[in-house]
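Good morning. I will go through one structure, starting with the contact between chains and ending with a single residue. Please have a look at the model first.

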Amino acid sequence: MQQIFNYIFKNSNKLLFFLLLIFSFTMIIKSHSYHRSKLISSANFVSGGVYERMNTVDEYFSLKSSNEILAKENARLKMLLMNQIDTSKPLPLDIKGYNNTNLIPSKVIHNSYKARQNYITINSGFKAGIKENMGVINEKGIVGLIENTSENYATIQSILNSQSKINAKIKKFDHIGTLQWNCKNTGFVQLYDIPRLALIHKGDTIVTGGQSDIFPENINIGTIEKIYKDNETNYWTIDVKLFNDMTNLGYVYVLKTKDYEEIKALEDKSKKDE
Amino acid sequence: MNSSSINNIARFFLLLAAQILIFNNIGLFGFLNPLVYVLFIILYPVNDNKTTLLISSFAMGLTIDYFLNSGGVHALGSIVLAYYRPALFRFCFGLSYEYQTVKINDSLTPERFLFIFLTVLLHHTIVFVMEIFSVFLILEMLYKIFLTTILTVIVNIIIIYLIKPNKR
């Protein structure tokens, strides 16, 4: 017994090192096998607060351009209001299934786009009704989906994240594929699994497909920039030029689908039955 | 609480703040960020308590991970570097490093440069290998390790000479 204690005291540094080593390895392996920032994320009181302070300084440098964007959006909304014939009807928005969806506006306080797994931090959390796996868009198009929430902050898994997979389609044809990022250029994402028989051309618009409960159908993503033949399979691989500049995000909208709870409960139930 | 430990605590928080507020936003050529917080482990006094170094570098790495959403890679790199630091000292300054009290923030001799370079290289290799974690992207990984190491070494040496105490 004495010898064991002696050994522990003698090698306390080594033991501490291995303990910490195992601890960080577990975290890394967990983060690679599942959603990366489940354990360690910037959606917490301290880092969220710091990023918010930093953002209040940063904001002053982009006041002009964000004003312009807001003015443009205002103009568009006003145009919609004025051109409305029947005022008793709700505002028609250009996205199908929108009547089912509430938008929660929120501000981006930290945006990363240099890594392979990129995350965006916003300044509203579950207090504002944001939950995991909700879609996030802005006025130009898709941004990502909510991965973690705390009381006042949330992190978004950006579409510039090698783990993100989004159901997308070509607007003209309804051919459905998967949108992923190859971690090379922040302006482009890749669309896989579009069948060869689709008659696609450069410049065609890509929108979200209707197969997910996260994004409603027909939210803008980008346009086709380049088409490759995949030699191993019978599918096209497409470079999609994003409408959004992912390096420059100000305000975003979190999509709160009204049927979300219902779909989620249903899916959980069928998972349990498996 | 002596002046050495106060120095260490101040260095810890200053480097952490500098890394998060300034150096994470540099983005040279679009993707290079110098990881200056390694300087905390480099400048930690040679003969001070090693357990404190292990724990504080783990805390440093973990905090950086929290801010970067990077799931533990910086914590791992920091503790490995903190643990193997004596071996690196022995390699760069010879066997008797403990008796001659090596000071890193002194004039830049080849040994000191080699020490800074090797520590940064070891740390960056661990961080980027763990972060990318894929055999298929090995070229991108080496490229990133190489460029970031050069950048961090340059920035670290500049910082060391900017804050060097004046001796006449």
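How many residues of chain B are in contact with chain A? This is a predicted model, and in it 24 residues of chain B contact 26 residues of chain A. On the chain B side, α1 (3-21), α3, α4 and α5 (110-132) each supply at least two residues. The most comes from α3(B), with seven residues. By class, the side of chain B that touches chain A has 15 nonpolar, seven polar and two charged residues.

Now to two of those helices. The axes of α3 (residues 50-68) and α4 (residues 73-93) of chain B come within 7 Å and cross at roughly 160 degrees. Angles over 145 degrees count as roughly antiparallel, so α3(B) is roughly antiparallel to α4(B). The crossing of α3(B) with α4(B) is right-handed. Among the residues that meet there are Leu53(B), Phe58(B) and Ile64(B) from α3(B), and Val73(B), Ile79(B) and Tyr83(B) from α4(B). This contact of α3(B) with α4(B) has 11 nonpolar, five polar and one charged residues.

Last, one residue in chain A. Thr186(A) sits in the loop between β7 (176-180) and β8 (188-195) of chain A. Is Thr186(A) buried, exposed or partly exposed? Thr186(A) counts as partly exposed because it has 18 C-beta neighbours inside 10 Å. Leaving out residues up to four places away in sequence, Thr186(A) touches Tyr113(A), Leu160(A), Met246(A) and Thr247(A). Thr247(A) is 61 residues from Thr186(A) along the chain, and their C-alpha atoms are separated by 7.4 Å.

That is the end of my part.

Conventions:
Residues are numbered from 1 along each chain as its sequence is written. Chains are lettered from A and ligands numbered from 1 in the order in which they are written. This is a predicted model: local features need pLDDT of at least 70, side-chain atom pairs count only at pLDDT 80 or more; totals for chains, interfaces and linings use all residues. Axes are lines fitted to C-alpha atoms, for helices over the stretch in contact, and angles run from 0 to 180 degrees between N-to-C directions. Helices (H or I, at least four residues) and strands (E, at least two) are DSSP runs, numbered from the N terminus. Angles under 35 degrees count as roughly parallel, over 145 as roughly antiparallel, 65 to 115 as roughly perpendicular and the rest as oblique. A crossing is left-handed if the near helix is turned anticlockwise from the far one by less than a right angle, and right-handed if clockwise. Two residues are in contact if their C-beta atoms, placed from the backbone, lie within 7 Å. Ala, Val, Leu, Ile, Met, Phe, Trp, Tyr, Cys and Pro count as nonpolar, Asp, Glu, Lys and Arg as charged, and the others, Gly among them, as polar. A residue is buried if 20 or more other C-beta atoms lie within 10 Å of its own, exposed if 12 or fewer, and partly exposed in between; C-beta atoms are placed from the backbone.
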